[in-house]
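Here is a short walk through one protein model. Keep the sequence and the 3D view side by side as you read.

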Amino acid sequence: MENVSSHQHFILNGFSELGALRPVLFVPFFLMLLLSLLANSLLLYVIVSQRSLHSPMYILIAGMACVDLSLPLFFAPNMLLSFLFDWRGISLIGCLAQMYFLHFVGAFQSTLLVWMALDRYFAICSPLHYHEHMALPGFLKFILPLVIRNVLMVSLVVSLAGRLPFCHRKEIDHCFCEHMALVELACGSTAVNNLVGLISVFLIPVADFIIITASYVVIFSSVLTSGKSRVKALHTCVTHIVVITVSLAIILVAFLSYRIRNGLPAAVRVFCSIMYLFFPSCFNPIIYGVRTSGIRQHILRMLSWRHLEQTGPEENVDF
């Protein structure tokens with residue numbers, strides 16, 4: 001029993017097989033972090049600064065930008081420093097704290113997509129009562145259950161992981177504290193952890209996907225039966241469907257890579273898990289900026305105004 005509680009510090013050993021080439025990973029992941037920060041900051045600035053965008057739909061997009069802006073900050077700086085300076089150590093408390101914030105904030109990516117689907121449902125299927133449903137008092141009944149669910153499930157998953165005994169191995173085969181990567185190091189039974197982890201996947205991303213799918217089935221049915229009058233309102237739904245499809249595909253790959261033993265190289269599993277957190281943060285603001293006409297118009301107007309300001313009145317005479 002002396003060794004059971006000996007490990008309170010771990011080594012994040014992701015991409016160790018690359019050896020001396022490991023620092024090269026700093027460049028692509030730093031560029032992704034920079035893209036995420038700039039794109040989400042621009043999206044937030046446009047929505048906050050333009051009063052015409054202060055409607056529920058755009059506020060939810062701003063909420064998604066906040067999640068996408070903050071999520072990489074919980075793991076990317078530490079990961080990038082480990083690539084450059086080989087700083088791989090992390091305490092058990094630090095590992096659990098990082099795990100909690102990653103899972104907690106990550107769960108809201110899925111939850112926000114549910115709220116966006118509900119917003120489109122009320123806008124297209126019940127336009128006369130849209131403002132009544134989307135007013136904060138009415139919308140709280142859709143917000144609170146999902147927030148409580150996220151808090152309870154993430155707290156349960158992390159607290160169970162923190163109670164495991166770690167007696168032999170201390171190298172986490174990852175670049176941050178991913179739940180299954182830590183659980184794999186335990187020397188006791190992990191059946192409860194695996195079960196709770198599986199339940200959390202079904203109660204958060206899978207349940208959210210079912211709600212979203214049901215909402216869009218009703219939305220498309222409503223549009224098809226009503227003719228062309230609501231086709232324009234359907235444009236934003238396509239944006240949400242693109243984001244949902246990409247997010248769910250990455251989640252499934254990251255989830256299955258740890259639970260299906262198929263000879264997948266460790267580096268591929270680590271890469272998939274990083275992309276599960278990183279790619280939506282880079283992908284979402286670009287999709288929403290390009291496909292949402294209200295945001296796109298304000299961004300183009302702002303960029304053209306900056307260009308005119310820099311060129312000066314003398315150079316603009318020919319235009």
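Cys-282 counts as buried because its relative accessibility is 5%. Buried means under 20% relative accessible area, exposed means over 50%, and partly exposed lies in between (1.4 Å probe, protein chains only). Cys-125 is partly exposed, at 23%.

A word on the basis. This is a predicted model, where local features need pLDDT of at least 70 and side-chain atom pairs count only at pLDDT 80 or more, while totals for chains, interfaces and linings use all residues. Residues are numbered from 1 along each chain as its sequence is written, and side-chain values use heavy atoms, with hydrogens and water left out.

Now to the cysteines that are bonded. A search of the whole structure finds one disulfide, a term for a pair of cysteine sulfur atoms within 2.5 Å. This disulfide joins Cys-95 to Cys-177, with 2.0 Å from S to S. The link is left-handed, with -125 degrees about the S-S bond. Distant parts of the chain are linked here: Cys-95 sits in helix H4 (residues 92–125), and Cys-177 in the loop between strand E3 (171–172) and helix H7 (179–183), 82 residues apart. Helices (H or I, at least four residues) and strands (E, at least two) are DSSP runs, numbered from the N terminus. Cys-95 is buried, with a relative accessible area of 0%. Cys-177 is buried too, at 1%.

Next, the rings. The structure holds 18 aromatic pairs. Rings of Phe, Tyr and Trp (its six-membered ring) pair if their centres lie within 6.5 Å; planes under 30 degrees apart count as stacked, over 60 as edge-to-face and the rest as tilted. Trp-115 and Phe-139 are edge-to-face, at 6.5 Å centre to centre and 65 degrees between the planes. Trp-115 belongs to helix H4 and Phe-139 to helix H6 (residues 136–162), 24 residues apart. Both are buried. Phe-279 and Phe-283 are stacked, because their centres are 5.3 Å apart and their planes at 25 degrees. These two are four residues apart in helix H10 (residues 266–291), so about one helical turn separates them. Phe-279 is partly exposed, at 30%, whereas Phe-283 counts as buried, at 17%. Ring pairs also build a cluster, whose members include Phe-74, Tyr-100, Trp-115 and Phe-139.

Last, the surface. Which residues make a nonpolar surface patch of about 450 Å²? They are Val-27, Phe-30, Leu-31, Leu-34 and Leu-38. Phe-30 lies in helix H1 (residues 26–49) and is partly exposed, at 34%. Like charges are joined within 9 Å, nonpolar side chains (Val, Leu, Ile, Met, Phe, Trp, Tyr) within 5 Å. Accessible areas come from the Shrake-Rupley method with a 1.4 Å probe; for residues, only the protein chains shown count as cover.

Definitions and conventions: Patch = residues over 30% accessible without salt bridge, like charges linked within 9 Å, V, L, I, M, F, W, Y side chains within 5 Å. Salt bridge = Lys/Arg side-chain N within 4 Å of Asp/Glu carboxyl O.
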